[in-house]
Amino acid sequence: MSLAKTQTPKSFWAWLGHGIRWRYKKLQTKLKKFFRLKVIVRWVWIFNSRRPIQRDKVIFFETASAGVSNSFTELFNMLVRNYELDIHCHFQLIGKVKKWEEFARQLDFVKDAATAKYIIANDSSDLFGQMKKRRGQHFLNTWHGCGAFKRFGLGTAGKIFGDSEKVIRKYPLHPDYDILTTSSPEVEWAYVQSIGAEKHPESVRGIGVSRSDVFYQEDFIKQAYVNFYSKVPQAKGKKVILYAPTFRGRVRAGTTPNMLNLSMFYENFHEDYVLVYKYHPYSRDLPNIEPAYRDFAFDLTNMEIDTLLCVADICISDYSSLIFEYSLFERPLISFVYDLDNYFDWRGFYYSFEEYAPGPICYTNNEMVDYILHVDERFDKEKVHAFREKFMSACDGHATERIIEQFFGEDILPYKRPQPLTGDYHDIPSSAERYSRYESDIAYYLKLKDKARRAYECASRQPVDKKKIALMVDEHNVPILFASVKKALKKKGFTTVDDIDIDIDNIGAYVSDLATSGVILCAGEPYVLRMIDLRDETLVYQVCPEVLPVYPMWNNTKAARARFFITESREFPIHTRYDGIMSTAKDLDDKYRKNYELKPGGSMIHCGNLQTDLLFGKRDKALEGISALIPTLEQKKIILILWENRPGMEGVLTDALTRMHERFAREYVCLIDCNDNGMAPFALPQYFQGYAVNLVTELPRRREEQEQMMEGGDLDENEQQDKKEQEPAKKLRAISRIEELVAADIVVTDYCTEGLTAAAIGKPLILWTPDYESYYNTHETYFNPSEILRDIRVESTTELMEALEHIDSYDIAVEKKFADDYLQKCDGKSAKYLVEYLEEVTA
């Protein structure tokens, strides 16, 4: 009795404390939301709205995607091809970056949008409710889904998924749109209700969804098969079952449905089908495919859904709007809705699910298997056709044309290009940095430009010194490139002007030095040379840091041809014409000249490449730097993977590393160096620790650990004193790609040109190109080294493993011929040859 009396108050106070904490946390969340939206976002919008609207500015806003998503692709490309507009892309990356970074990106967007004439979204956002449309501004939403199925916005009020109607109206998710597009007039009512557009129902228009146009393009469908087979060669000669469910739960913490019985599907279909998983972008903790099923089942979550819809012979989904797009193909569609009642309570539907589903509704795996086994006789094509006519009637392959005509009207005619461009441009924008950083960089360079011009004109009154040579690198290269040539120049009596990080304090003195230099050696196209007009007496030479001219660069890139970065192309045009351009082979001269402009009477200089000189450096020094990062390196060899990071390939790389780890962990360590290409760095799974290291992410992590150790951390006073008396530890240094190549025993690369330089020093080189066809179909190149080196090229992970297994019998002859043909004079003496040439022209 007494025990019960003593426990009751404790339980009560614990319950009371829990309740108070819950209410406090809820209040705190409400206050944060109010302060973020009603105070900060609204103030940023109002403050920046004082500036005039820029009539040619178009803003695309992505909430989750790290690139231009398929909801924007067709519209984006059509605008760039036909009009010269100032297009800005903002990527919020919801759920993919830290909260503070998300918020910073939101403010970037709001600030920039305040002066834009056209603002285009493809989803809802609580930012929009705080952006009161200015006179002369226009808002468009090319909604990311077709049809109207599961409820959203105000349609979820009162449901578990949604907020109350009061909260939704207090923090509106939609602005006063000019147009929100839908796939058919049939569903306009649902969108009017969901976005609260009762006052302007005409803004919701069933004129078609832009993203659906690609399904009428033969080239797109053909390329879809190429891309798919490059990822899943096992699918050739088989049919494809696509499983593409939507997420469960809330947007920021979406869970993944995992009720499809892979074992049962394998048992019944592995001889005739492959099974492809495509999970929703908001899904977390994706299930792994067991090794026994990896020749049958494939997780292609990173591949675009539009590609997978084109190749799927049967689609299994649930409550996803992709069923509307898939109906355009009029193929079998299964609705696997094991949790239908719960989902209805959670979110609800606009139409009766049982009545409108275009295919069989299955609640169990047995029902799905039975249907697929008898699909030929049970598939009701007429039902799918009726579904398509009702919900997709405006999606006829011309939706984007109608959207541009109705949204932009005649206002953009003054910006029409004299001659339309060809090609796709949606891969130009990058989410790697916020737009404001680019904008602030341009603003800063404009300040430097004025000071640089004045200083250069003043210093140009002095005579040039023929023996004074300036060494310049662009913003993407490092001065170490000139290490060998600098030594050679000093031996011959030349003085050098070293490259520096320019700022407002040193720009004047630096360009004054340039003005009196007789020769300028450039690696790339530095911004400084875009700011000034060089005097005629100065000789300018390009050393071509890219080594091999495989890809279009500078004025020949898609971005430059389209004048996509319009302020940069106007204020900092690349206009340097060169007296000489270094080349590694006569057969490549015309390709180098596409990237760099040669003066009339200028020369191609066949003296190798300065970058390759560094490959002949000391291996011990390179190993010393790498071993500081990889303690397990001792007594092991190194496999170096130089990789172009690209969507959809993370799983391929992870699978290869898993198999390499199982086979080679005792003999090798694996260094991975990925070009980010605007993407997040490749995330190396924890279980590879000790075997594989991603140098892009490992160095910052280890430096942080080292700094924490140097600060003392949790050490007591005596231990901290001992640490101070010890000799300070060496700071971990960055490892260059050249050092990686020097240290490596085997080089594996894909389309990365630096990897090809391994041929110059006779390192075993394997070209691993798992997406060979799709890569070269979607990337502009001048020539194809992978085809030239096809005898050492592998495509599948199995072929890669076989090549590594037999590395001892590797035939170096293929590499040697490549080096003889395309890396001439890349023998460690390119700097010597170049300086000899400069001696002649400056004599």
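User: What counts as a charge sitting over a ring?

Analyst: A charge sits over a ring if NZ of Lys or CZ of Arg is within 6 Å of the ring centre and within 35 degrees of the ring normal. The model here is predicted, and Arg-793 gives a case in it: its charged end sits over the ring of Tyr-772. The distance from the ring centre is 3.8 Å.

User: Over which ring does the charged end of Lys-449 sit?

Analyst: The cut-off for the distance to the ring centre is 6 Å. The charged end of Lys-449 is 5.5 Å from the centre of the ring in question. That ring belongs to Phe-572.

User: How many residues apart are Tyr-445 and Phe-572, and what geometry does their aromatic pair have?

Analyst: Tyr-445 lies in helix α16 (residues 435-459), and Phe-572 in the loop between α21 (566-571) and β17 (577-583). Both residues are buried. They are 127 residues apart. Their rings are 6.3 Å apart centre to centre with 75 degrees between the planes, which makes the pair edge-to-face.

User: How many aromatic pairs are found in the whole structure?

Analyst: A search of the whole structure gives 45.

User: Which strands does the aromatic pair of Tyr-243 and Tyr-277 link?

Analyst: The two rings are edge-to-face, 6.0 Å centre to centre and at 80 degrees between the planes.

User: Are Tyr-243 and Tyr-277 buried or exposed?

Analyst: The cut-off for buried is under 20% relative accessible area. Tyr-243 has 2% relative accessibility, and Tyr-277 has 7%. Tyr-243 therefore counts as buried, and Tyr-277 likewise counts as buried.

User: Is strand β20 largely enclosed or exposed?

Analyst: Strand β20 covers residues 668-675. Of its 8 residues, 7 are buried, so the rest of the structure leaves the strand largely enclosed.

User: Which strands pair with β20, and in what sense?

Analyst: Strand β19 (residues 637-644) pairs with β20 over 8 bridges, and in this pairing Ile-641 has Ile-672 as its bridge partner. Strand β21 (residues 692-694) is joined to β20 by 3 bridges, with Cys-670 opposite Ala-692. The sense is parallel for β19 and parallel for β21.

User: Which residue forms a salt bridge with Arg-81?

Analyst: Arg-81 is in helix α2 (residues 73-82), and its partner is 343 residues away, in the loop between α15 (399-407) and α16. The N to O distance is 2.6 Å. The partner is Asp-424.

User: Why are Glu-836 and Lys-832 separated by about one helical turn?

Analyst: Glu-836 and Lys-832 form a salt bridge with the closest N and O atoms 3.0 Å apart. Glu-836 is partly exposed at 33% relative accessible area, and Lys-832 is partly exposed at 44%. The separation is about one helical turn because they are 4 residues apart in helix α34 (residues 830-842).

User: Which residues are linked in a network of salt bridges?

Analyst: Side chains of opposite charge can pair when their charged atoms come close. The whole structure has 38 salt bridges. The linked residues are Glu-101, Arg-105, Asp-108 and Arg-434.

Technical notes
Residues numbered from 1 in each chain as written. Predicted model: local features only at pLDDT ≥ 70, side-chain atom pairs only at ≥ 80, totals over all residues. Heavy atoms only, no water. Buried < 20%, exposed > 50% of the residue type's maximum accessible area, 1.4 Å probe, protein only. Helix = DSSP H or I, 4+ residues; strand = E, 2+ residues; numbered from the N terminus. Pairing = 2+ DSSP bridges. Phe/Tyr/Trp six-rings, centres within 6.5 Å; stacked < 30°, edge-to-face > 60°. Salt bridge = Lys/Arg side-chain N within 4 Å of Asp/Glu carboxyl O.
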